[in-house]
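Please look over the sequence and the structure below, and then follow the paragraphs in order.

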Amino acid sequence: PELSEEPPAEMVKMTKSKTFQAYLPNCHRTYSCIHCRAHLANHDELISKASGFFRDLMNYFLTKMSFQGSQGRAYLFNSVVNVGCGPAEERVLLTGLHAVADIYCENCKTTLGWKYEHAFESSQKYKEGKFIIELAHMIKDNGWE
């Protein structure tokens, strides 16, 4: 008989895969899920945080147009952690047609906001690949005075 490298099916033990949380460094100001306290983003990833002329220009435009979620104000981030992403769908938002995917906390599964997958208008292209998190779903952690 031939030798098989795989164990017989009755010997295979199925285990559920684990979700590991990412922890942001304690030395940085962070945003966390208000429902379970999982870290979501470093303050440095907030879009309005930049340097020099670009920072001033972005801050000017961001104060003129605040981001709005379904439950109130929201922040735009370059990157996030501990967040899952649903399927993309086209939605007409205040700034036009976008392809967006809902994002949720990987720990407690609360919907937090959305990810911009595609912007159909050229003036909105800067949002592609960025994340909106509604203020109603996050709190500030680590070093906020």
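The paragraphs below take up confidence, strand pairing, a loop residue and aromatic pairs.

The protein averages a pLDDT of 78, with 66% of the residues scoring at least 70. Confidence is highest in strand β7, residues 111-119, at a mean of 95, whereas it is lowest in helix α1, residues 52-64, where the mean is 53. Over residues 7-18 the pLDDT falls below 50, and this stretch has 1 contact in the model beyond near neighbours in sequence. Where pLDDT is low, the predicted coordinates should not be read in detail.

Strand β1, residues 30-33, is joined to strand β2, residues 39-42, by 3 bridges, and the two run antiparallel. Within this pairing, Thr 30 stands opposite Asn 42 of β2. The hairpin that β1 and β2 make has 5 residues between the strands, and there Arg 37 takes a positive phi near 70°. Strand β1 also pairs with strand β9, residues 138-141, again in an antiparallel arrangement, this time through 4 bridges.

A loop residue comes next. Thr 110 is found in the loop between β6, residues 96-105, and β7. Is Thr 110 buried or exposed? Its relative accessible area is 19%, and because buried means under 20% on this scale, Thr 110 counts as buried. Leaving aside residues up to four places away in sequence, Thr 110 touches Ile 103, Tyr 104 and Cys 105, and also His 35 and His 137.

The aromatic residues complete the tour. How many aromatic pairs does a search of the whole structure find? There are 4 such pairs. One of them joins Tyr 75 and Phe 77 edge-to-face, with 6.4 Å centre to centre and 65° between the planes. Tyr 75 and Phe 77 are both buried, and together with Tyr 31 they form one aromatic cluster.

Methods:
Residues are numbered from 1 along each chain as its sequence is written. This is a predicted model: local features need pLDDT of at least 70, side-chain atom pairs count only at pLDDT 80 or more; totals for chains, interfaces and linings use all residues. Side-chain values use heavy atoms; hydrogens and water are left out. Rings of Phe, Tyr and Trp (its six-membered ring) pair if their centres lie within 6.5 Å; planes under 30 degrees apart count as stacked, over 60 as edge-to-face and the rest as tilted. Buried means under 20% relative accessible area, exposed over 50%, partly exposed in between (1.4 Å probe, protein chains only). pLDDT is the predictor's confidence in each residue, from 0 to 100. Contact means heavy atoms within 4.5 Å. Two strands pair if DSSP finds at least two bridges between them.
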